[in-house]
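Dear colleague,

Please find the structure handed over below.

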Amino acid sequence: MATATRRGALAVVVAILLIALGAGAGFAVGDALGIRSEAAEVLEPRTGTPAPVAAPVAPPEFASVDAPDTERMGVALDALREAGASVDPVSPGPTLSVTAGTGDAADDTYLLTGAPAALRIEAVSEAGAVRGVYDLAAQVRAGRDIAEHLGVEMRSRLPLRMADLGAVGVASDPAQWRPGTDYSHASRAFADVLRPEAPYVDEDALAAAYDDFETFLRRSLADGFTAIAFPGFVEFVTFDDAPVYADGDRHRQRALALREAFGRMWERADELGVDVYLRTDMLALTDPLEAYLTERFGSLETTSPEFWDVYGRGLDELYAAEPALDGVLVRIGEAGDVYDVEGWDAYSKLAVTDADSVRAMLTALTAQAEASGREVIFRSWSVGVGAVGDMHTDADSYREVLDGIDSPALIVSTKYTLGDFYSWLPLNDTLLEGTQRRIVEFQSRREFENFGAFPNDLGPEYQEALQTLLAGNDRIEGVWVWTQDGGPWRAGPMSLHLKVGEWQFAQLNTQLALALARDPDADVAEVTQDWAREFFSTDPVTVEAITAAMALSREPIAQGMYIEPFARQRVLAIGLEPPPMMWLFEWDILTGDSAVLDVLYTLVKDDAEAAMQGGADAVTTAERMRDLVAATDPSTWRSPHAREAFVETLDYEVDTLRVLGAYRAVILAQGEWHDTLDPAAHTAWTQARDAFTALTAAHADRYDGDVQHPPLNLTAAELGIERTDRDLVMAWLARILLALAVAWVVIGMLSARTRLVGRPGAAAARAAWLAATRPWRARESTLGMLPLDRWLLLLVPGALLVATRAVQTSFLGWVHLAVVFGAWLVFVCVVRLILWRRSPWPVIAAVGGVVVLRCILTLAALSFTGPGGYWFAFWTDPVRRTAYIAVAFALFVWVFVAAGWALAAQVGARRATGTVLAGVGAGLALPAAIVGLVGLERALTAWNDQLGLLPWGLSRILGITVYLDIPAWTAWAAAGLGAGILAVGLALASSLRVRLRA
């Protein structure tokens, strides 16, 4: 009796200890999730005020032009002639003379003097002279008086105005956009030019690409750009100063061929006064380069100065061969497969992920730039990857990485928002930090706001941002405006800068950013009016309608594509800062995962009415915009197609916003049901689901196959609705299983004291209960059992485990079920093999009994509103989450404690420990090895797609493992750990097998 009492007391102590450890695990999980929010001071989306519209001024036909005879000036004069080519000019027109001084070659200041009939551009350098001509061309395109700025010195506030490469070299093939599921960030520019084998370049395709580049370059100069970022770097380097490539290696020959091909473009840009920066991710690699670096340094040792000297010497070689290049633009925050081009072995890796690596890289590259008279533009952009993941958004991290790196050759480039290019974000205060030269990044084709396919006049926001930043940091000297780039190229509407689609909407934001870079106090409403005249109509009534519509354009975006009460919060989770548009994660993917939608509901539930009204208001405003444009006279437009396309775009926006409005009703009703358990909320969800389904069916029917107006990607949302649709059924199944499981336990508890013990199965239930709660009695509890009871002892827990996991995953998660059940099966089989001829029933009773208790816990959590309610509590209720994890952890570990205790009566404590460890090790090693063979990213993607816990889009963007910073070798590490535990267990249990054989 005393022994039983001691064992019972010990069991209670162990249970308390396990619950305490479980509570600790619960707190650790909560800390790792780190889900919290705080109000943010955001850039308020602002509705513009249209400028008064005057009648257009007819373009003049210059009587004579006297200007320097240079290629650069000739191209500017071409722009002036072409500006008025579509309208009959006024004749006779004024004369124009242009003089260029010998001052600072980069200074584009000029003064327009003379008289309206005899204009004179006086500039300190050729840069100012050509700028003056381009400005006259802009006045002509906008239908304005070319003498408007007579007597005004025109000086640019920010001299460095850099563009991306637009859509140069990108094929406008609708077939590449039609599937709508290509989320690659690779532009595939020059894909027709590049060849995998010698001579590596298709000359006919190169000639077409050169013409493409010339068109882009001329438009960029006319818009006011002074520099371009040209993709590539490692592809153009032979690394002859280091034995990277063997004699005859195709990489070397290809680099020379590509340099010769693209060098003509760089030289042309230089000839026209445009700086060229090679744009690259770091680490930029080829297979032989990675092999060389690994062999020489033992790994990709990015903290080593000698490591970066390899890249520095590569730049020395490239600048010597191509003097038209002005520097390199480096990004470290994104890299990998999503940016790589299939079949092309120049690629990138995320390897510069800590402050020491960044500082080593910048120290080496800026030293090289200073010595060669070039510049390094370093992007502070990062996406939460590695130790420098918040450098872009956290001033302390920015200082940690960059303080003390004050090379005059270094320019730091940063997005103007505190995050990515979303609305409802604060101004990026890291742009006020540091002593480095700075430039500000703007995206014209807003990737997260339907890739710029909707009208979206950002003028007021751009102006507020630039004026604030310039007032706080006099080291800002430029902007980088993305005319096309950012995000996936072939998901969403097909729109290519200067080529196809409604690229004019993005062009407006380009012109706004450039106008403000030159003059932060520019009238942005007039810039929008000039844009409307250039691309759509010169008729005052039509221009007034267009500019009125554009002035309204921010509200449908800010209210319809965002849920304002959520967007105004700064949300943090799993060490990252999710964006304000998480329900569209990302781009065109309407998410259906529980993590996002449950947290979103929790943050907006107190403002649910306002959240719904925002969606309705967005639709109303978009309809008003459409009505304004549709009411214009078609004959006043530059072309019937332009008006038709504009109206179709607004129809598309209205339809899309209606779908989004219906989905927010689904989200809020779903969250309310899980939160309150109110049947009326479930009824509201059912009605919202039906309305949403009807709208999406019409949306897909209308826009499927339309590459310029593609439907939203609804896969994730539909998966989420399918799961929620099953929640009520799953809740009832959980209740039934819970009742059966509790009945099994109650029978086991009572059978020893009642006549139940003689009933079929009662002995098995009794044995399971005793072995689970008093495992030292497991052996005695199974003595004399009938075959039926023994099979029930195995089948009841096994069937309950499978059924519980099936209900927990809504019968949709076979990956989860296979891993969980497979691991338990391996555990049981290994233990059975080690025991060999000894009875397995005591340990089966102990393990099965605890498994039933563990399933009861899960079923209880599922019984309220099904798996959706289970995960709702996990994401949103720290108290319930911690309590659940504490008990679940304790029961999970108790399985193995009970198994060992039950075995100890048969084989002794040491051998029992070894047997359990062997089973645990094998149960961990085999599934982990299978996951390793399949690939961790692939396995996590399949698992998440079926359970819908994290955004479906994660694996389509950077990948779950990259986004959550999970090393690719994690599965193999788990398999190795399992193998080690298995080995230890077998060693401890081996004497048992030896004795049995004897």
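The notes below cover the barrel and then the cavities.

This is a predicted model, in which local features need pLDDT of at least 70 and side-chain atom pairs count only at pLDDT 80 or more, while totals for chains, interfaces and linings use all residues. Residues are numbered from 1 along each chain as its sequence is written, and side-chain values use heavy atoms, without hydrogens or water.

Eight strands form a closed barrel in the order E7-E8-E9-E11-E13-E14-E15-E16, with parallel pairing. On average, neighbouring strands of this sheet are turned by 25° against each other, direction ignored. Strands are DSSP runs (E, at least two residues; helices are H or I, at least four), numbered from the N terminus, and two strands pair if DSSP finds at least two bridges between them. The angles are taken between N-to-C directions of lines fitted to C-alpha atoms, from 0 to 180 degrees. Strand E7 (residues 160-163) and strand E16 (residues 476-482) run parallel and are joined by four bridges; Met162 has Trp480 of E16 as its bridge partner.

There are seven cavities of 30 Å³ or more. A cavity is a set of points on a 1 Å grid over the protein atoms alone where a 1.4 Å probe fits but cannot get out, and lining residues have an atom within 4 Å of a point. A volume is the space filled by probe spheres set on the points, which are joined across faces, edges and corners. The largest cavity holds about 230 Å³. Its lining comprises 25 residues, with Ser594, Arg723, Thr724, Gly868 and Leu947 nearest the centre. Helix H21 gives the most to this lining, six residues.

Yours sincerely

Note on methods: 1 Å grid on protein atoms, 1.4 Å probe; cavity = no way out; pocket = protein on both sides within 12 Å on 5 of 7 lines; lining within 4 Å.
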